[in-house]
Amino acid sequence: MTVEDRLAALEATVVHLQDQLDVLRVVASYAPSIDGGMKGAGLFWAEDCVYDSDNDDPLRGRAAIEALAERIRGLEVGIGHNVSFPVAVVDGDRAIVTGESNTFVKVDDQYVVHRVSANRWELEKVDGRWLVTSRINRLLDGTDEARALLRRGAGSGVGQD
Amino acid sequence: MTVEDRLAALEATVVHLQDQLDVLRVVASYAPSIDGGMKGAGLFWAEDCVYDSDNDDPLRGRAAIEALAERIRGLEVGIGHNVSFPVAVVDGDRAIVTGESNTFVKVDDQYVVHRVSANRWELEKVDGRWLVTSRINRLLDGTDEARALLRRGAGSGVGQD
Amino acid sequence: MTVEDRLAALEATVVHLQDQLDVLRVVASYAPSIDGGMKGAGLFWAEDCVYDSDNDDPLRGRAAIEALAERIRGLEVGIGHNVSFPVAVVDGDRAIVTGESNTFVKVDDQYVVHRVSANRWELEKVDGRWLVTSRINRLLDGTDEARALLRRGAGSGVGQD
């Protein structure tokens with residue numbers, strides 16, 4: 001290969017590596033931004049984002065995410081999210097991240113495991129920044145809907161979808 | 001350094017970075033592929049893989065991994081794996097990944113922490129794809145066997161082994 | 001851009017990517033080095049490190065970290081740390097890593113969730129190796145101190161601090 005070809009190949013690969021780390025960091029920001037009650041918690045999300053959790057009506061838009069963070073900030077109870085190290089698959093300017101998460105809630109001086117769920121995060125790179133456009137969260141309760149989210153995401157890493 | 005030397009150094013480093021992310025993604029795929037009951041759950045494993053968990057006889061080969069995923073898919077109980085962000089050490093075409101994991105199981109409308117264990121994953125790069133050749137999983141129950149797995153893996157990152 | 005400019009840009013980006021993975025690996029080493037009772041558990045920390053946990057007086061220096069690992073190694077009870085995938089922000093030779101963690105402890109044949117807390121890790125690159133200079137760990141118990149750690153760290157990834 002010519003120097004030019006090698007440089008171009010390196011540049012493309014390096015962008016892809018950076019994208020993977022950036023995507024993982026945006027998803028990793030969810031738990032501390034929400035548990036921390038961060039005012040700008042919506043900055044990791046696209047303007048027209050949708051967060052669909054089986055508990056509730058979907059949250060739509062950054063303001064809804066920030067209202068969630070503000071609500072957590074006002075709670076007197078101890079809450080912590082835990083995100084299992086997820087599978088991130090980046091394809092150009094889109095990415096899918098899949099994995100389990102759970103919440104711990106302090107009840108009477110003892111932490112209990114409140115929810116254990118499956119997650120599918122979809123992200124887009126907009127003006128050079130990765131943003132969450134969609135998150136689907138489903139309780140791992142023995143029914144197939146949550147399981148289907150997980151196997152679809154794991155499969156996308158090996159060309160099964 | 002000449003342009004040629006700098007290109008060659010960059011190419012080697014970029015392969016190493018990509019390997020680290022690929023290795024982490026393969027290990028991250030375990031939980032969603034199993035919790036999701038994915039038919040191709042064995043695709044992350046080498047043909048002659050061994051998964052040695054202290055509960056049972058070791059699982060051997062891809063079909064045994066896929067039978068595990070299928071068994072999970074048939075359960076009516078809610079189950080979720082959690083993988084603590086692990087230490088990945090890549091050395092050429094081999095990698096070792098070390099860290100804690102646990103399972104949550106839903107019992108009578110409450111999730112309980114079923115197992116907390118130490119893991120040592122060994123991977124090989126075969127025809128450009130990273131595959132798990134061996135996983136050892138030992139319960140963190142106060143005995144030394146699980147602890148030894150963890151300190152060996154942590155030590156390999158700083159040249160202690 | 002000239003070949004020289006493109007090479008220089010690639011070299012800088014590749015160092016930054018490597019730094020992110022190295023920083024994450026050092027933080028990931030905490031749990032297995034401590035749960036494993038590793039003799040060299042202090043090697044991931046700077047000589048003059050401070051580990052400030054709300055339980056106790058701060059630990060100062062590598063020997064204090066290694067004494068903690070040794071103490072764990074002597075316990076007959078099962079203990080496992082879990083580190084939620086954290087937010088790592090690298091700026092030159094300094095890095096900040098933020099996220100939740102928890103411990104599981106085996107009590108009467110059942111694992112319980114002992115602590116759920118917020119973490120702020122500060123690292124420095126010294127002679128080419130990343131080392132933890134400071135860790136602050138605060139219980140997520142509904143008070144604001146732990147929450148403030150989390151939102152500060154999440155915010156640093158989007159220019160809020």
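Two residues are in contact when heavy atoms of one lie within 4.5 Å of heavy atoms of the other. On that basis, in this predicted model, 43 residues of chain B are in contact with 39 residues of chain A. The size of an interface is often given as the accessible area lost when the parts come together. For chain B and chain A the buried area is about 3300 Å², and carbon and sulfur atoms give 63% of that figure.

The polar side of this interface can be described pair by pair. Across it the rule finds two salt bridges, and there are 13 residue pairs in polar contact, counting pairs in which both residues are at pLDDT 80 or more. The elements of chain B that give two or more residues to the side touching chain A are helix 1 (3-35), helix 2 (62-74), strand 3 (79-83), strand 5 (94-107) and strand 6 (110-126). Of these, helix 1 of chain B gives the most, with 18 residues. Sorted by class, the side of chain B that touches chain A has 24 nonpolar, 11 polar and eight charged residues. A salt bridge also joins A:Arg6 to B:Glu4, whose side chains meet at 2.9 Å, N to O.

Chain A itself has four helices and seven strands, and from the N terminus on these elements run α-α-β-β-α-β-β-β-β-β-α. Along its principal axes the C-alpha trace of chain A spans about 65 × 35 × 30 Å. Buried residues make up 57% of the 161 residues in chain A, while the accessible surface of this chain comes to about 6600 Å², with 48% of it belonging to carbon and sulfur atoms. Among contacts in chain A between residues at least 6 apart in sequence, 52% join residues at least 24 apart.

Over all chains the structure holds 33 salt bridges. Side chains of opposite charge can pair when their charged atoms come close. One such pair is A:Glu11 with C:Arg6, whose closest N and O atoms are 2.9 Å apart. Because A:Glu11 lies in helix 1 (residues 3-28) of chain A and C:Arg6 in helix 1 (residues 3-28) of chain C, the pair joins two chains. A:Glu11 is partly exposed, with a relative accessible area of 23%, whereas C:Arg6 is buried, at 13%. These two residues also belong, together with A:Glu4, to a network of salt bridges.

Within chain B, the side chains of B:Glu124 and B:Arg94 meet in a salt bridge at 3.5 Å, N to O. B:Glu124 lies in strand 6 of chain B and B:Arg94 in strand 5, so this pair ties together parts that are 30 residues apart in sequence. B:Glu124 counts as partly exposed at 27% relative accessibility, and B:Arg94 is exposed, with a relative accessible area of 54%. Another salt bridge in chain B links B:Glu122 with B:Arg120, the closest N and O atoms being 3.0 Å apart. Here B:Glu122 is partly exposed, with a relative accessible area of 28%, but B:Arg120 counts as buried at 4% relative accessibility.

In chain C, C:Thr133 has its place in strand 7 (residues 129-139). With a relative accessible area of 19%, C:Thr133 is buried, since the cut-off for that class is under 20%. Leaving aside neighbours within four places in sequence, C:Thr133 is in contact with C:Ala46, C:Asp48, C:Cys49 and C:Val50, and also with C:Glu122, C:Leu123 and C:Glu124.

How values were computed:
Residues are numbered from 1 along each chain as its sequence is written. Chains are lettered from A and ligands numbered from 1 in the order in which they are written. This is a predicted model: local features need pLDDT of at least 70, side-chain atom pairs count only at pLDDT 80 or more; totals for chains, interfaces and linings use all residues. Side-chain values use heavy atoms; hydrogens and water are left out. Buried area is the accessible area (1.4 Å probe) that two parts lose on being put together, summed over both. A salt bridge is a side-chain nitrogen of Lys or Arg within 4 Å of a carboxyl oxygen of Asp or Glu. A polar contact is a pair of N or O atoms within 3.5 Å; within protein, one must be able to donate a hydrogen and the other to accept it, and residues adjacent in sequence count only if both atoms are side-chain atoms. Ala, Val, Leu, Ile, Met, Phe, Trp, Tyr, Cys and Pro count as nonpolar, Asp, Glu, Lys and Arg as charged, and the others, Gly among them, as polar. Buried means under 20% relative accessible area, exposed over 50%, partly exposed in between (1.4 Å probe, protein chains only). Accessible areas come from the Shrake-Rupley method with a 1.4 Å probe; for residues, only the protein chains shown count as cover.
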